[in-house]
Amino acid sequence: MKIKAIKDWGMNLPADQPLIIAGPCSAETEEQTLESCIGAAKAGAHVLRAGIWKPRTNPGTFEGVGEEGLPWMQKAKEATGLPTTIEVANANHVRAALAHGVDILWIGARTTVNPFAVQEIADALKWHDVPVMVKNPINPDVKLWVGAIKRLHAVGITRIAAIHRGFHTLDQKDIYRNPPNWDLVLELRKEIPGISIIGDPSHICGRRDILWSVSKKALDLDFNGLMIETHRNPDEAWSDAKQQVTPIELEHMLKSLLEPGKAAKAGEASTELDSWRSEIDRIDALMIKLLKQRCDISGQIGEFKLTQKMPVVQLNRWEQMMTERLEWAQEQDVNSRLVKGIFDNIHQDSVARQRQITYERQQVEEGVD
Ligand code: PEP
Ligand code: MN
């Protein structure tokens, strides 16, 4: 496949720095679209985004303003001199977008999963040489992602980029709305070497406070750009209110990501600090979840030992466990005193738990209330 990297799209987009795409999740009103897009442009965006047709899970919720919003994007383009991008999900969307001078199209995650829909879009694009960005499918299936890109390429589109917006999870407690599964991006890169990749931290995070660290990770992995939802008044947004940032927040974030030295001097590095703190919170929550799993298993072992009339503590096993854990700590370059302390505590708790089980069982057997 011959796919052109963004720098070769001939659109006067930056070649030596990440491409920033920003604008509201949805175009809601003309004023909101214009204000949000002009704000995003001032904050450093190179391309303006907005959703015109919104794929919503529940019918009856705001499903986008539709074609009425297309002239608003035209006005945003005139006001800023920047190219625009919107999501298209069928052939009618493609026709309307092109008729209104939209510069770049993107295919949403709910569309990439459906080869019929992608083919319909590709067919509608056959005689148009327009750049298209393809979001990963909602489910973690790189083949579907590659397949959608191939369908576009087969009708003659060569200016194609991939957008990484994370993948659906069944874990309600996951800190991410759509966990990133970074390894799948590396897989895509292996399948289509040289394809430009845009990170979409907004849809990965689903919340503002961890946007920075996900953006940073994307840039560290040499992504070619970021798409960040930006709204004049995020809390009042008609869709994705929790994940959008104001133009000022976007500006601070971009400064601290792209010019860290300057941002620190201007006292704007707090986004970075907040973000690292959120990562620590996430890791601690995960450790507690794992501890709970460990405690449950240890309880089951206690029950088993009881039925087999085995002693609660088997010294050999414990010594062997500790040795092994200290070796793992050494391999990972983690302080062995820290690891020893943690596992001594865990072991004590586990023994106490198992003794408690034995005690309760004896009480039952002896008929004590
Ligand atoms: C969006 O970009 O607003 C959007 C709907 O994204 P996704 O297709 O990734 O859910
Ligand atoms: Mn959105």
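Visitor: What spacing do the donors of the manganese ion (ligand 2) follow along the chain?
Guide: In this predicted model, the spacing reads C-x177-H-x25-E-x10-D. Behind those letters stand Cys 25 (SG), His 203 (NE2), Glu 229 (OE) and Asp 240 (OD).

Visitor: What makes these four atoms donors of the manganese ion (ligand 2)?
Guide: Distance decides: an N, O or S atom counts within 2.8 Å of the metal. The four lie at 2.1 to 2.4 Å, so they qualify as donors.

Visitor: Why is the pair of Lys 75 and Glu 30 called a salt bridge?
Guide: The rule asks for a side-chain nitrogen of Lys or Arg within 4 Å of a carboxyl oxygen of Asp or Glu. Here the closest N and O atoms are 2.8 Å apart, so the pair meets the rule. Lys 75 lies in helix 2 (residues 70-80) and Glu 30 in helix 1 (residues 30-43), 45 residues apart. The structure holds 17 salt bridges.

Visitor: Which domains make up the chain?
Guide: There are domain 1 (6-270) and domain 2 (275-365). Their centres, taken over C-alpha atoms, are 44 Å apart.

Visitor: How do you know that the two domains touch?
Guide: Contact requires heavy atoms within 4.5 Å. Eight residues of domain 1 and six residues of domain 2 are in contact, so the domains do touch. Together they bury about 670 Å², with 54% of it on carbon and sulfur atoms. On the domain 1 side, Ile 175, Trp 212 and Ser 213 supply 48% of the buried area, more than any other three residues.

Visitor: How many salt bridges cross the interface of domain 1 and domain 2?
Guide: The rule finds one. Elsewhere in the list of pairs, Lys 289 and Asp 171 also deserve a look: their side chains meet at 3.0 Å, N to O. That is within 4 Å, so this pair is a salt bridge too.

Definitions and conventions. Residues are numbered from 1 along each chain as its sequence is written. Chains are lettered from A and ligands numbered from 1 in the order in which they are written. This is a predicted model: local features need pLDDT of at least 70, side-chain atom pairs count only at pLDDT 80 or more; totals for chains, interfaces and linings use all residues. Side-chain values use heavy atoms; hydrogens and water are left out. Domain bounds come from an automatic or database domain assignment. Buried area is the accessible area (1.4 Å probe) that two parts lose on being put together, summed over both. Donors are N, O and S atoms within 2.8 Å of the metal (3.2 Å for Na, K and Ca); water is not among the atoms, so sites may look incomplete. Helices (H or I, at least four residues) and strands (E, at least two) are DSSP runs, numbered from the N terminus.
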